[in-house]
Structures are given as C-alpha cells and as structure tokens.
Amino acid sequence: MNPREPHTHQYIAAFAIATLLFFSGLWFGSYLSDQKLESIGDLENDIRLSTLGSELQYQILEQEPCAASNSTALIKELFEIGSRLDFMESQRGPKDPQVIELKEFYHLLEIRHWLLMRQVKEQCSTNTDLILYFYSNEGDCDKCSEQGTILTYLHRTRPDISIYSFDINIDNPALTALKELFKVRSTPTLIVNDKKFESFTSLEELQSQLS
C-alpha cells in the first residue's frame with residue numbers, strides 16, 4: 001500500500017468530523033436565533049410598559065402643565081423609547097407587524113407629548129423648542145439617515161429640546177391629521193417651532209432657529 005494514500009477509515013473519520021461540525025453549527029445558530037428572538041421579545045414588552053407609563057404621566061401632567069415646563073426627564077424618556085424601537089426595527093425589519101404596531105402607538109405618544117408641550121408654551125410662557133421630523137425608511141429618502149444623525153446629535157447636546165420623529169408611511173388618523181396640519185408631502189421635512197423646512201436642514205440652520 002502506498003503510504004501517501006489515506007486509509008478508508010481516515011476518510012470516514014474526516015467525514016464524521018465534518019458532519020459533526022456542520023450539525024453543531026446548525027444547532028448553535030438555532031440557539032443564537034432563539035436567544036435573539038427571546039431578547040427582542042423582552043424588548044417589545046419593555047417598550048409596551050414604557051409607553052404605557054409615559055401615557056399615564058402625560059395624563060397626570062395635563063392637570064397641571066406648568067409642572068412639566070422645566071423637566072427634561074419626559075423628553076429623555078421619550079427619546080430612549082424611540083431608540084429601543086429603532087433597534088427592534090433594525091432586527092425585525094420595518095415591515096414586521098409588531099414593529100408597525102409599536103411604532104404607531106409610539107407616534108401617538110409623541111403627538112400627545114407634543115400637544116402637552118404646546119400647552120406648556122402657551123400657558124406657562126416658556127421658550128421650549130419643538131421639532132417635528134417626518135422621515136421615510138423605505139429607501140425613498142436619501143437624506144433621512146443624515147438628517148436623523150443631526151437630530152440625534154442635537155438631542156444629546158441640547159436635551160431641553162423636544163424632538164419628535166414620525167415615519168410618514170405609518171397609517172394612523174392622528175398622524176395623518178398632523179401631516180395635513182403642516183402640509184407634509186415629502187421627506188425629510190422638519191417643523192421647527194411651527195416653521196417648515198421641506199428638505200435636508202443642516203445643523204447650523206437648525207441651531208439658528210432655536211431659542
């Protein structure tokens with residue numbers, strides 16, 4: 001026998017090892033997927049509880065709106081819920097039914113907070129800056145990602161500013177009414193203290209509109 005030729009049992013052993021590695025990889029991949037789904041499920045429940053808690057806060061503060069005039073806690077909490085929802089969307093995709101449902105509820109929460117802050121401005125004589133941001137994540141808005149990055153930076157450097165982000169493709173009567181109020185027809189569109197900007201807006205231009 002030629003010593004350079006592998007024995008039959010060596011072929012069998014190599015095949016067995018390869019098969020074991022293959023199925024081990026499948027099992028491990030399945031395990032990671034299950035863990036990931038469980039983590040996303042926990043995140044979904046967390047978002048639901050957070051939005052419910054915020055909704056109750058707004059109902060309480062509506063009785064005495066000036067109590068919210070100097071608080072950045074509500075703004076921060078709303079932003080954190082949005083960040084968690086963005087992560088969930090990145091994992092499941094924008095067309096996932098649970099993502100759409102939670103995003104719709106989150107947008108209603110944003111509108112509720114925006115109405116509360118407008119009430120604060122009128123009744124408490126504050127200079128609170130309010131920004132509405134309408135975007136699309138369906139691949140038809142080249143500048144939306146860059147615009148979102150600028151707004152995130154603005155939030156981190158000016159936590160006193162209330163920034164609300166709305167997916168223009170979400171079908172909801174309240175959001176539709178808001179879009180009609182400001183005649184939003186394209187993305188990105190910004191409403192900065194009731195002044196409309198219908199295209200990409202630089203950080204410098206945004207800052208010039210703030211108090």
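This is a predicted model: local features need pLDDT of at least 70, side-chain atom pairs count only at pLDDT 80 or more; totals for chains, interfaces and linings use all residues.
The buried residues of helix H5 have a cover that includes helix H3 (97–124), strand S1 (130–135) and strand S2 (162–167). Residues are numbered from 1 along each chain as its sequence is written, and side-chain values use heavy atoms, with hydrogens and water left out.

Which residues of H5 are buried? Helix H5 spans residues 173–181, and its buried residues are Leu175, Leu178 and Lys179. These lie on the same side of H5, because they cover an arc of only 100 degrees around the axis. The arc is taken from the directions from the helix axis to the C-beta atoms. On the other side of H5, Pro173 and Leu181 are exposed. Buried here means under 20% relative accessible area and exposed over 50%, with partly exposed in between, for a 1.4 Å probe and protein chains only. Helices (H or I, at least four residues) and strands (E, at least two) are DSSP runs, numbered from the N terminus.

Consider next the two ends of this helix. At the start of H5, the backbone nitrogen of Ala174 has a side-chain oxygen of Asn172 within 2.9 Å. After H5 comes Lys183, with a positive phi near 50 degrees.

I turn now to the strands. In strand S3, residues 189–192, Thr189 and Ile191 point one way, Leu190 and Val192 point the other way, and all are buried. S3 runs antiparallel to S1, to which 4 bridges join it; Tyr133 has Leu190 in S3 as its bridge partner. Strand S4, residues 195–197, is also antiparallel to S3, with 3 bridges between them. Here Val192 is partnered by Lys195 in S4. Strands pair if DSSP finds at least two bridges between them. S3 and S4 form a hairpin with 2 residues between them, and in the turn Asn193 has a positive phi of about 50 degrees.

Finally, the chain as a whole. Its secondary structure comes to 6 helices and 4 strands, in the order α-α-α-β-α-β-α-β-β-α from the N terminus. Of its 211 residues, 38% count as buried. Among contacts (heavy atoms within 4.5 Å) with a separation of 6 or more, 72% are between residues 24 or more positions apart. The accessible surface of the chain, by the Shrake-Rupley method with a 1.4 Å probe, is about 12,400 Å², and 55% of this belongs to carbon and sulfur atoms.

Notes
A polar contact is a pair of N or O atoms within 3.5 Å; within protein, one must be able to donate a hydrogen and the other to accept it, and residues adjacent in sequence count only if both atoms are side-chain atoms.
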